[in-house]
Amino acid sequence: MNDLATTATPSRSQVTLSHALAEHVAGTRYGDIPQAAREAAKLFMLDTLAVAWAGSDAPGCREAHALLVEEGGRADATAWAYGGRLPAQAAAFINGMSSAALDYDTLGREAPVHVSISVLPAALALAERQRSSGEDFLAALVIGSDVMYRLGAAAAHPHRGWSYTSVFGPFGAAAAAARLMKLDTLQTRHALGMAFIQASGTQQANIEPSLTKRMLSALAARSGVQAAQLAQRGLTAPTEVIEGKFGLYRLYQEGDAERLLGQLGTRFDSVDLTIKKFPSCGCNHTAVEGMLRLVREYDLQPDDVLSMEVTVTPYIERIVGGRYDPSGDAQVAAQFNIRYSMACALVRRKLGLIEIQEQAARDPAITRHIEKISVRVDPSLATERGPVVVRLRTKHHGEVSCRIEHVPGDPQAPLTASELDQKFAECFGLGAAPLNPEQIRIVGERVRNIERIEDMSRFFDGVC
């Protein structure tokens, strides 16, 4: 270890939350990870790569990539959908941003965090730079994702308005990066400390539509890579970043220590992610599903509907319940507004990638129905994203309603294999450099057999 890292390892009686996380990251072996967690990580990786491809030409991503190419640097890691290589930190940033652009990525079921788009870009960038084995990469991906998910799930109520993705994301990304760089427990604690110093971001980026929403995971991924690289070189950081006097739980958001560390190393919470059915904020999904069911069941035409009411949780109303205003960034406005989502489902009978493009977001055929929609909050509803109740007053069927208990993609409402294949094929066929069917097959095959890869720097050979 570099001489700069001088902080002593705590005795067993002094073990803190921060030390327990670092010990988990540094000490968990590949063989300790259940097969179910490994397989889930592969599926979420494939989903994240797919949505990143589709998002690579979204507004803001093209410009950010151009800036990073202009700045240049070491050819460490692939800019996934663009081709070419960038320094690891830059690659983590642009891949994290394009993964987030369409809001089509995985979502935590019990934790409001976007794990995959924060941890995978960091892990894959460093795995390429380090020429890691597929087995080492997969272990780092699972462990880093587990750390981030646990932090999100352990966050106490009330929610103070932080973006959990950009606050907890640097920890998950740093954990994955530290694991790939084979840092010991003390170095890993410093990496987590440097991740904490960079943790930031609020939900203002959600409720005030702007392209910075797409940067939250990108900043987290980049911070995690940088934190591990600095820790490897001996730089030190606060080591009580979770429980310290001015640590995460004192300044940002209180947390449940038992939830954070419960069955650490034996239960991997990173399996509890939902693959999205719609390219929109997860807070919209139950309402969209309810609208689509009613529209199809009664074969409703837009002008048949006189009024629409949706009853939602306080969290849903806070994130997506505001006035619809596409005058700024229309795509982001469409992705983060329940009124647009419901009107779109009514008019187009779907909410897909085309429906979040600017032309659709400003389409008068959709937006004229938004004034029919009212949003009602019911504080007694059980969880953050549901259930929701959709009620429509119609010309020919009177009042009709539908209650949706679970977000599509949850274990209680899983997507079919066909739905997943269709999503992946559609997304990989879009973006800055669409893949052909043979390239899509190659990516899928490599992900499914990733533990057999000897050198992750060659993962994208023949694809990008």
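This is a predicted model: local features need pLDDT of at least 70, side-chain atom pairs count only at pLDDT 80 or more; totals for chains, interfaces and linings use all residues.
**Figure 1. The whole chain, its extent and its surface.** The C-alpha trace spans about 75 × 50 × 40 Å along its principal axes. A compact globule of 464 residues would have a radius of gyration near 23 Å, and the chain, at 22 Å, agrees with that expectation. Of these 464 residues, 61% count as buried, while the accessible surface of the chain comes to about 17900 Å², with 49% of that area belonging to carbon and sulfur atoms. Among contacts between residues at least 6 apart in sequence, 79% join residues that are at least 24 apart.

Figure 2. The chain carries 48 positive and 53 negative side chains, and the centres of the two sets lie 0 Å apart. Side chains of opposite charge can pair when their charged atoms come close. In this chain the count comes to 30 salt bridges. In one of these, the side chains of arginine 85 and glutamate 128 meet with an N to O distance of 3.4 Å. The pair links distant parts of the chain, since arginine 85 belongs to strand β2 (residues 85–86) and glutamate 128 to helix α5 (residues 116–130), 43 residues apart. Arginine 85 counts as partly exposed because its relative accessibility is 34%, whereas glutamate 128, at 2%, counts as buried.

**Figure 3. A salt bridge between two loops.** Aspartate 272 forms a salt bridge with arginine 109, and the closest N and O atoms of the pair are 3.8 Å apart. Aspartate 272 lies in the loop between α12 (257–261) and β4 (273–274), and arginine 109 lies in the loop between β3 (107–108) and α5, so this pair ties together parts of the chain that are 163 residues apart in sequence. Aspartate 272 counts as partly exposed, with a relative accessibility of 25%, and arginine 109 is likewise partly exposed, with a relative accessible area of 27%.

**Figure 4. A network of salt bridges around Arg267 and Asp269.** The side chains of arginine 267 and aspartate 269 meet in a salt bridge, with 2.7 Å from N to O. Salt bridges that share partners join Glu110, Arg259, Arg267 and Asp269 into one network.

**Figure 5. Helix α1 and what covers it.** Helix α1 (residues 17–27) is mostly covered, for 8 of its 11 residues are buried. These buried residues are Leu17, Ser18, His19, Ala20, Leu21, Ala22, His24 and Val25. The elements that cover them include α6 (134–154), α7 (164–180), α8 (185–198), α11 (248–252) and α12.

**Figure 6. The surroundings of histidine 24.** Histidine 24 has its place in helix α1, and at 6% relative accessibility this residue counts as buried, because buried means under 20%. When neighbours within four places in sequence are left aside, histidine 24 is in contact with Ile143, Asp146, Val147, Leu264, Gly265 and Phe268.

Conventions
Residues are numbered from 1 along each chain as its sequence is written. Side-chain values use heavy atoms; hydrogens and water are left out. The radius of gyration is taken over C-alpha atoms; the globule rule is 2.2 Å times the number of residues to the power 0.38. Buried means under 20% relative accessible area, exposed over 50%, partly exposed in between (1.4 Å probe, protein chains only). Contact means heavy atoms within 4.5 Å. Accessible areas come from the Shrake-Rupley method with a 1.4 Å probe; for residues, only the protein chains shown count as cover. Lys and Arg count as positive and Asp and Glu as negative; His and the chain ends are not counted. The place of a charge is taken as NZ of Lys, CZ of Arg, CG of Asp or CD of Glu. A salt bridge is a side-chain nitrogen of Lys or Arg within 4 Å of a carboxyl oxygen of Asp or Glu. Helices (H or I, at least four residues) and strands (E, at least two) are DSSP runs, numbered from the N terminus.
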